[in-house]
Amino acid sequence: MFGEGTRGQILKGTAQVVARQGVRGCTVQDVLDASNVSRRTFYKQFGSMEAALDGLFEVATAVLPATIEVAVASASTPVEQLERAREPRLADAGRPPDRDHLGARRERALDARERVLTAEDRLLG
């Protein structure tokens, strides 16, 4: 999912730290510890913590459609498909996003996601 090699190793470590501590709690040192790479290697792959978070966001948004497709494949009704489509979301999706660290592209994606979730809630009652 994160790719092979050093970049993938760092992205996986970044994902682990974000899942455990959230975006605001994520520091370069935490990522270094989780991914077992040096500071120099981190900055060679990603120029900043923001760049690593952008890379993680790109990976997550790239795999989400396929994850949802797999989740709804065995559903027999449209309502069941919507319910299963909600399952792959991040565990902390109900928590307000940390918008201080998000770029404009991620802001738009989050806004679109919120609109989809609102529409799903209306459909599911």
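**Getting to know a predicted helical model**

Q: Does Thr14 count as buried or exposed, going by its relative accessibility?
A: In this predicted model, the relative accessibility of Thr14 comes out at 0%. A residue needs to be under 20% to count as buried. Since Thr14 sits at 0%, the word for it is buried.

Q: Which residues does Thr14 touch, not counting those up to four places away in sequence?
A: Start with where it sits: Thr14 is part of helix 1. Looking past its sequence neighbours, up to four places away, you find that Thr14 touches Val31, Met49, Ala52, Leu53 and Leu56.

Q: At what angle do helix 1 and helix 4 pack?
A: Helix 4 covers residues 49–72, and its axis is 10 Å from that of helix 1. The two pack at about 90°, so helix 1 is roughly perpendicular to helix 4. On the helix 1 side the contact is made by Leu11, Thr14, Ala15 and Val18, while helix 4 brings Met49, Ala52, Leu53, Gly55, Leu56 and Val59. The angle asked for is about 90°.

Q: How many nonpolar residues does the contact of helix 1 with helix 4 have?
A: Sort the residues by class, and the contact of helix 1 with helix 4 has no charged ones. Polar residues number 2. The nonpolar count is 8.

Q: How far apart in space are Ile10 and Val31, C-alpha to C-alpha?
A: Ile10 lies in helix 1, which runs over residues 5–21. Along the sequence, Ile10 and Val31 are 21 residues apart. Beyond four places in sequence, Ile10 is in contact with several residues, including Val31, Ser35 and Phe42. In space, the C-alpha to C-alpha separation of Ile10 and Val31 is 7.0 Å.

Q: Is Ile10 buried or exposed?
A: The relative accessible area of Ile10 is 0%. With buried meaning under 20%, Ile10 is buried.

Q: Which residues are in contact with Ser35, leaving aside its neighbours within four places in sequence?
A: Ser35 belongs to helix 2, residues 28–35. At 3% relative accessibility, Ser35 counts as buried. Skip the neighbours within four places, and Ser35 is in contact with Gln9, Ile10 and Gly13.

Q: Does Asn36 count as buried or exposed?
A: Asn36 is in the loop between helix 2 and helix 3. Its phi is near 60°, a positive value in a residue other than glycine. The relative accessibility of Asn36 is 67%, and exposed means over 50%, so Asn36 counts as exposed.

Q: How many helices does the protein chain have?
A: Following the sequence, the pattern reads α-α-α-α-α-α. The chain has 0 strands, and its number of helices is 6.

Q: Which element has the lowest mean pLDDT?
A: Overall, the chain averages a pLDDT of 77, with 67% of residues scoring at least 70. Over residues 90–102, pLDDT stays under 50. Among the elements, helix 3 (residues 39–45) has the highest mean, 96. The lowest, at 65, belongs to helix 6.

Q: What share of the residues in the protein chain is buried?
A: The chain exposes about 8,000 Å², and carbon and sulfur atoms supply 54% of that. Of the 125 residues, the buried share is 27%.

Note on methods: Residues are numbered from 1 along each chain as its sequence is written. This is a predicted model: local features need pLDDT of at least 70, side-chain atom pairs count only at pLDDT 80 or more; totals for chains, interfaces and linings use all residues. Side-chain values use heavy atoms; hydrogens and water are left out. pLDDT is the predictor's confidence in each residue, from 0 to 100. Helices (H or I, at least four residues) and strands (E, at least two) are DSSP runs, numbered from the N terminus. Contact means heavy atoms within 4.5 Å. Buried means under 20% relative accessible area, exposed over 50%, partly exposed in between (1.4 Å probe, protein chains only). Axes are lines fitted to C-alpha atoms, for helices over the stretch in contact, and angles run from 0 to 180 degrees between N-to-C directions. Angles under 35 degrees count as roughly parallel, over 145 as roughly antiparallel, 65 to 115 as roughly perpendicular and the rest as oblique. Ala, Val, Leu, Ile, Met, Phe, Trp, Tyr, Cys and Pro count as nonpolar, Asp, Glu, Lys and Arg as charged, and the others, Gly among them, as polar. Accessible areas come from the Shrake-Rupley method with a 1.4 Å probe; for residues, only the protein chains shown count as cover.
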